[in-house]
Amino acid sequence: FRDVADSHAVRHLVEPILGSGAFIARSLLFDKRDGANWDVSWHRDATIAVRARIDVPGYGPWSVKAGVHHVRPPAHVLAGMLTVRLHLDDCDESNGALLVVPGSHASPGLDLAAAIDASLCETHGVACVVPAGGALLMRPLILHASKRAVDMSRRRRVLHLEFAASALDGGLRWAEQTTE
């Protein structure tokens, strides 16, 4: 994943937004297919992966996912990040396209712990249709969800790359950051 994240094509998408100092903070592969088909309710990506738990004011609560420490940082940390979703397969409503509420990442007075009004999201959400080989860029704080795929003859594989451009507070380090 790091080779893809460091490729000229991906850097060309990320650097105009985060600058040349941007680095990969976390990478995931999503694969909706027969036998692995799920609904994802409306949410914001409100946690980050870090190398080790260090209790720092403003960071918490903590969790461990697949052996990696995750923490909810202050909102300004998430606001300074960018996610690039690289689609390995055609993606539309029939195979679980990402749904987003446009502009929701910029809500004034954003409270990461506040309940999300799912009915409001359903009313204002739009599907992000992306062809194989396409990229979707989003801020982690945008409200998003996805439905179960209804066309199980097609997979929906997405390489999900989270980028950041600044250090964390209090000695915390991004889980996948290789530069200082």
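**Note on the predicted model**

1. The largest nonpolar core has 17 residues, and Ile-48, Val-50, Tyr-59, Met-81, Leu-168, Leu-172 and Trp-174 touch the most other members. Such a core is a set of buried Ala, Val, Leu, Ile, Met, Phe, Trp, Tyr and Cys residues joined through side-chain atoms within 4.5 Å. Buried means under 20% relative accessible area, exposed over 50%, and partly exposed in between (1.4 Å probe, protein chains only). At least two residues of this core come from each of β1, β3 (48-50) and α3 (75-79). Helices (H or I, at least four residues) and strands (E, at least two) are DSSP runs, numbered from the N terminus. Another core lies apart from it, with 12 residues, including Val-10, Ala-22, Ile-24 and Val-84.

2. On the basis of the note: the model is predicted, so local features need pLDDT of at least 70 and side-chain atom pairs count only at pLDDT 80 or more, while totals for chains, interfaces and linings use all residues. Residues are numbered from 1 along each chain as its sequence is written, and side-chain values use heavy atoms, with hydrogens and water left out.

3. Leu-172 deserves a look. Not counting residues up to four places away in sequence, Leu-172 touches Val-50, Ala-52, Ile-54, Val-56, Tyr-59 and Trp-62. Contact here means heavy atoms within 4.5 Å.

4. Arg-26 sits in strand β1. Arg-26 counts as buried because its relative accessibility is 12%. Its side chain makes a polar contact of 2.9 Å with that of His-70. (A polar contact is a pair of N or O atoms within 3.5 Å; within protein, one must be able to donate a hydrogen and the other to accept it, and residues adjacent in sequence count only if both atoms are side-chain atoms.) Leaving aside neighbours within four places in sequence, the contacts of Arg-26 include Thr-47, Ala-49, His-160 and Glu-176.

5. Next, two backbone points. Most residues other than glycine have a negative phi, and most peptide bonds are trans. Gly-60 and Pro-61 are joined by a cis peptide bond, with omega about 5 degrees. Pro-61 lies in the loop between β3 and β4 (62-65). Ala-66 is not a glycine, yet has a positive phi of about 50 degrees. Ala-66 belongs to the loop between β4 and β5 (68-71). With a relative accessible area of 85%, Ala-66 is exposed.
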